[in-house]
Structures are given as structure tokens and as C-alpha cells.
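Me: I would like to learn how to read a fold from its coordinates. Can we take one model and go through it feature by feature?

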Amino acid sequence: MLGLLAPSSRRLSSIDCSATARRGNSCLARLVEDGAPEQGEQLMATIDLTSDQFQQTVTADGIVLVDFWAEWCGPCKSFGPIFEAASEKDPEITFAKIDTEAQHEIAGALEIRSIPTLMIFRDGIQIFSQPGALPGHALDDLIGQVKALDMDEVRAEMAKEAASSDTD
């Protein structure tokens with residue numbers, strides 16, 4: 001397993017967020033149904049995530065990067081353009097931002113204590129969480145590691161860990 005990436009033992013089901021988001025609003029980084037934007041429509045590289053969309057977004061198939069930030073946070077302002085640039089390079093990945101001031105419920109449920117914090121989910125599994133602003137090359141490298149993960153191996157390791165904790 002990659003050094004920076006490890007399956008999280010935190011269960012997403014413990015987060016009480018309703019999954020009422022419409023498909024189009026939950027992942028704007030993905031192409032519209034017919035594969036191309038309508039005339040005059042502009043797809044955003046990142047989405048602002050709320051408690052209404054959180055559960056549905058992070059449990060979807062694919063890779064989801066979530067940046068926890070606040071307007072008053074200097075390091076968040078430095079990391080923002082790096083996060084945005086990465087989203088433009090990888091449109092098949094969902095890049096989401098959560099304003100911790102406006103979304104206290106999510107930040108509290110995920111025990112966000114320092115911002116910026118970056119979380120990465122793949123196929124509904126949280127595989128990375130780390131506070132602090134990353135430089136662009138480090139974020140690009142991390143995204144490459146996430147893409148290269150063998151998710152069957154990750155699931156097998158999680159099952160093994162769960163089985164061993166059940167016997168303790």
C-alpha cells in the first residue's frame with residue numbers, strides 16, 4: 001500500500017447528511033448526460049459541497065477530492081488556486097470545496113480541526129485525509145497515487161482489518 005494512503009477506519013454512515021442532491025448538482029466536474037455542455041453552459045471545475053450533497057457525492061463511484069476551507073484562512077487562500085488548477089487537469093475527478101464556516105455539520109462530523117484539510121474518497125471509501133496546504137507538484141503526485149490504487153486490494157485490506165477487530 002502507498003505510504004500516504006491508507007484506508008480510513010471512520011465510517012461514512014455515521015455522518016447524518018441527506019442525499020437529496022440532484023445528479024447534475026452533485027458532480028459538476030463530470031460532463032452532462034449527452035457528453036457535452038449545452039450552448040452557453042459552462043461546467044465548473046470545482047463544486048461547493050453542502051450537507052445536502054455530501055453523502056451522495058463522496059459515496060459515488062470514482063475519485064472525489066474535498067478541500068475544507070474558510071474565507072479567513074491564509075493557507076486556504078494559497079491552496080485554493082492549486083486545487084482549482086488540479087481540477088482543470090483532471091475533469092474526470094470530482095473536486096469539491098466545503099466552507100467550514102457555512103457547513104459546520106460536515107466539518108464537525110468529520111472532526112476537521114485544522115484547515116485547509118484535504119480528504120480523498122475513491123469509490124465511496126475515504127482513503128486520505130491530511131490538514132495543511134500542499135504544493136501543486138505534491139497534489140499532482142497524490143492524485144496519481146490515488147488513480148493507481150488497486151481498489152480490490154484496498155477493500156480486501158479493509159475486510160481483513162474489520163475481521164481482526166471483530167475477534168479482539
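Predicted model: local features only at pLDDT ≥ 70, side-chain atom pairs only at ≥ 80, totals over all residues.

Me: Why does a spacing of three or four places matter in a helix?
Reply: An α-helix has 3.6 residues a turn, so residues three or four places apart point the same way. In this case, phenylalanine 79 and phenylalanine 83 form a tilted aromatic pair, 5.8 Å centre to centre with 45 degrees between the planes.

Me: Are phenylalanine 79 and phenylalanine 83 buried or exposed?
Reply: Check the relative accessible area; under 20% counts as buried. Phenylalanine 79 is buried at 1%. Phenylalanine 83 is buried at 0%.

Me: What is the geometry between phenylalanine 83 and phenylalanine 95?
Reply: Read the distance, then the angle. The ring centres of phenylalanine 83 and phenylalanine 95 are 5.3 Å apart and the planes stand at 75 degrees, so this pair is edge-to-face. Phenylalanine 83 belongs to helix H3 and phenylalanine 95 to strand E3, so the pair ties together parts 12 residues apart in sequence. Phenylalanine 95 is buried, as is phenylalanine 83.

Me: How many aromatic pairs does the structure hold?
Reply: There are 3 aromatic pairs. Phe79, Phe83 and Phe95 form one aromatic cluster.

Me: Now the overall layout. Which pattern do helices and strands follow along the sequence?
Reply: Count elements, then read their order. The protein has 6 helices and 5 strands. Along the sequence the pattern is α-β-α-β-α-β-α-β-β-α-α.

Me: In what order do the strands stand in the sheet?
Reply: First the general idea. Strands of a sheet pair through backbone hydrogen bonds, either parallel or antiparallel. In this model, 5 strands form an open sheet with mixed pairing, in the order E1-E3-E2-E4-E5. The edges are strand E1 (46–48) and strand E5 (125–131); each has a single partner strand, so one side of each is left without a neighbour in the sheet. Neighbouring strands are turned by 20 degrees against each other on average, direction ignored.

Me: Which strands run parallel to E3?
Reply: Take the bridges pair by pair. E1 and E3 run parallel and are joined by 3 bridges. Threonine 46 has phenylalanine 95 in E3 as its bridge partner. E2 and E3 also run parallel, with 6 bridges between them. Leucine 65 stands opposite phenylalanine 95 in E3. From E2 the chain crosses through helix H3 (residues 74–89) to E3, a β-α-β crossover that is right-handed.

Me: In which sense do E4 and E5 pair?
Reply: Strand E4 (residues 117–122) pairs with E5 in the antiparallel sense, over 6 bridges. Within this pairing, methionine 119 stands opposite serine 129 in E5.

Me: Where does helix H5 pack?
Reply: Look for its contacts, then its direction. Helix H5 (residues 136–148) packs on the sheet and touches E2, E3, E4 and E5. Its direction makes about 20 degrees with that of E4.

Me: Which strands does helix H2 lie across?
Reply: Helix H2 (residues 51–58) lies across E1, strand E2 (63–69), strand E3 (94–99) and E4, running at about 145 degrees to E2. H2 is mostly covered, with 6 of its 8 residues buried. These are Ser51, Gln53, Phe54, Gln55, Thr57 and Val58.

Me: How many residues of E3 are buried?
Reply: For a strand, remember both sides. In a regular strand the side chains alternate between the two faces of the sheet. In E3, 5 of the 6 residues are buried, so E3 is largely enclosed by the rest of the structure.

Me: Which residues does aspartate 90 contact?
Reply: Locate the residue before listing partners. Aspartate 90 is in the loop between H3 and E3. At 11% relative accessibility, aspartate 90 counts as buried. Leaving aside neighbours within four places in sequence, aspartate 90 is in contact with Phe95, Ile143 and Lys147.

Me: What do the totals for the protein say?
Reply: Of the 168 residues, 42% count as buried. Among contacts with a separation of 6 or more, 76% are between residues 24 or more positions apart. The accessible surface comes to about 9100 Å², and 50% of that belongs to carbon and sulfur atoms.

Key: Residues numbered from 1 in each chain as written. Heavy atoms only, no water. Pairing = 2+ DSSP bridges. Helix = DSSP H or I, 4+ residues; strand = E, 2+ residues; numbered from the N terminus. Axes fitted to C-alpha atoms, helices over the stretch in contact; angles between N-to-C directions. Contact = heavy atoms within 4.5 Å. Buried < 20%, exposed > 50% of the residue type's maximum accessible area, 1.4 Å probe, protein only. Right-handed = clockwise from strand over helix to strand, strands pointing away. Phe/Tyr/Trp six-rings, centres within 6.5 Å; stacked < 30°, edge-to-face > 60°. Areas by Shrake-Rupley, 256 points an atom, 1.4 Å probe, with all protein chains shown as cover.
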